[in-house]
Amino acid sequence: MESRLIAATLLLCCFGYACAGNMPDYIKICHRNDPELSKCVKQSVHNLRPYLGKGIKEINVPALEPLYIGDLNILEGGSSGITVKAKKLNIYGASNFEITKMRASTQNRRFDFELLLPLLQGEGQYDINGNILALPIKGNGPFVGNFTNFVAYVRITYDVRNVNDIDYFEVKEFALKIRTGKGRLRLENLFNGDKVLGDVINQTINENFELFTNEVIAPIARALEVKFLAIATKILENFTYNELFPV
């Protein structure tokens, strides 16, 4: 889950900070003609990770810990016949990502990368009504989830926009997909607090964790796309293309 902010960070590092005198010294500069650009960008992003948890005020990067998603309609009926809503959703652990694969090309104006998210924790409020694995389920209340070894695939394409004879970086596409891993969920107050029924449902969900998360991960990924694209845009509008990608 988590991977849109990473994209913003990726762009941020790559962008440049070509003017070393005006940029933080904790960002490793990458040049657009570097024959090992992909390796450089990967190192740049990893170099920035320790600072992401608290955010970086001077470049308007918000804190990743926690990553606030807010309210989200996860499932609304459809073929599964279940409605799932999350409220006040927070994600912890997003800054502990690792880039496992990276392809960066300024010639093709594209970045493709794969992120490993070793451990995430989500918490908030839920509202659920319908059937899961042929079992009726209904309730609302707090929930907590632990997620291990989720993988995010991110594709970024961009264009160069000229404004008053100055070139700027402009994101054309920001696509995010998530492959689920292992984990556990705990939904409190199912069936108005009936512990026996609640334990049965929680056990069923966790015994079929991958199946359940595959049902709900797509809308979560879309929510992350929107959030991280906004962050990337906020970063990019502060620099020209040549500042972000020095020759």
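Analyst: Buried means under 20% relative accessible area, exposed means over 50%, and partly exposed lies in between, with a 1.4 Å probe and protein chains only. By that rule, both Cys-30 and Cys-40 are buried. The model is predicted, so local features need pLDDT of at least 70 and side-chain atom pairs count only at pLDDT 80 or more, while totals for chains, interfaces and linings use all residues. Residues are numbered from 1 along each chain as its sequence is written, and side-chain values use heavy atoms, with hydrogens and water left out.

User: What makes Cys-30 and Cys-40 a disulfide?

Analyst: A disulfide is a pair of cysteine sulfur atoms within 2.5 Å. The sulfur atoms of Cys-30 and Cys-40 are 2.1 Å apart, and the two form a disulfide. The count by this rule is one disulfide.

User: Why is the disulfide of Cys-30 and Cys-40 called left-handed?

Analyst: The torsion about the S-S bond of Cys-30 and Cys-40 is about -100°, so the disulfide is left-handed. Cys-30 belongs to the loop between helix H1 (4-15) and helix H2 (37-52), and Cys-40 to helix H2, 10 residues apart.

User: How are the helices and strands of the chain known, and how many are there?

Analyst: Helices (H or I, at least four residues) and strands (E, at least two) are DSSP runs, numbered from the N terminus. The chain has five helices and seven strands. From the N terminus on, the elements run α-α-β-β-β-β-β-β-β-α-α-α.

User: Why is the pair of Phe-147 and Phe-209 called tilted?

Analyst: Rings of Phe, Tyr and Trp (its six-membered ring) pair if their centres lie within 6.5 Å; planes under 30 degrees apart count as stacked, over 60 as edge-to-face and the rest as tilted. The structure holds six aromatic pairs. In one of them, the ring centres of Phe-147 and Phe-209 are 6.0 Å apart and the planes stand at 35°, so the pair is tilted. Phe-147 lies in strand E5 (residues 135-163) and Phe-209 in helix H4 (residues 209-236), so the pair ties together parts that are 62 residues apart in sequence.

User: Are Phe-147 and Phe-209 buried or exposed?

Analyst: Phe-147 has 7% relative accessibility and therefore counts as buried. Phe-209, at 5%, also counts as buried.

User: What makes the pair of Phe-169 and Tyr-241 stacked?

Analyst: The planes of Phe-169 and Tyr-241 are at 25° and the ring centres 6.5 Å apart, so the pair is stacked. This pair links distant parts of the chain, with Phe-169 in strand E6 (residues 166-179) and Tyr-241 in helix H5 (residues 241-244), 72 residues apart. Phe-169 is buried, with a relative accessible area of 4%, and Tyr-241 counts as buried at 8% relative accessibility. Together with Phe-111 and Tyr-158, Phe-169 and Tyr-241 form one aromatic cluster.

User: How do you know that Arg-49 lies over the face of Phe-97?

Analyst: A charge sits over a ring if NZ of Lys or CZ of Arg is within 6 Å of the ring centre and within 35 degrees of the ring normal. Arg-49 lies over the face of Phe-97, at 5.9 Å from the ring centre.

User: What makes the side chains of Asp-112 and Arg-110 a polar contact?

Analyst: A polar contact is a pair of N or O atoms within 3.5 Å; within protein, one must be able to donate a hydrogen and the other to accept it, and residues adjacent in sequence count only if both atoms are side-chain atoms. The side chains of Asp-112 and Arg-110 make such a contact at 2.7 Å. Asp-112 is found in strand E4 (residues 110-132) and is buried, with a relative accessible area of 15%.

User: Why is Asp-165 called exposed, and Phe-191 partly exposed?

Analyst: Asp-165 has 74% relative accessibility and therefore counts as exposed. Asp-165 lies in the loop between E5 and E6 and has a positive phi of about 70° although it is not a glycine. Phe-191 has a relative accessible area of 24%, so Phe-191 is partly exposed. Phe-191 is found in the loop between strand E7 (182-187) and H3, and its phi is also positive, at about 50°, although it is not a glycine.
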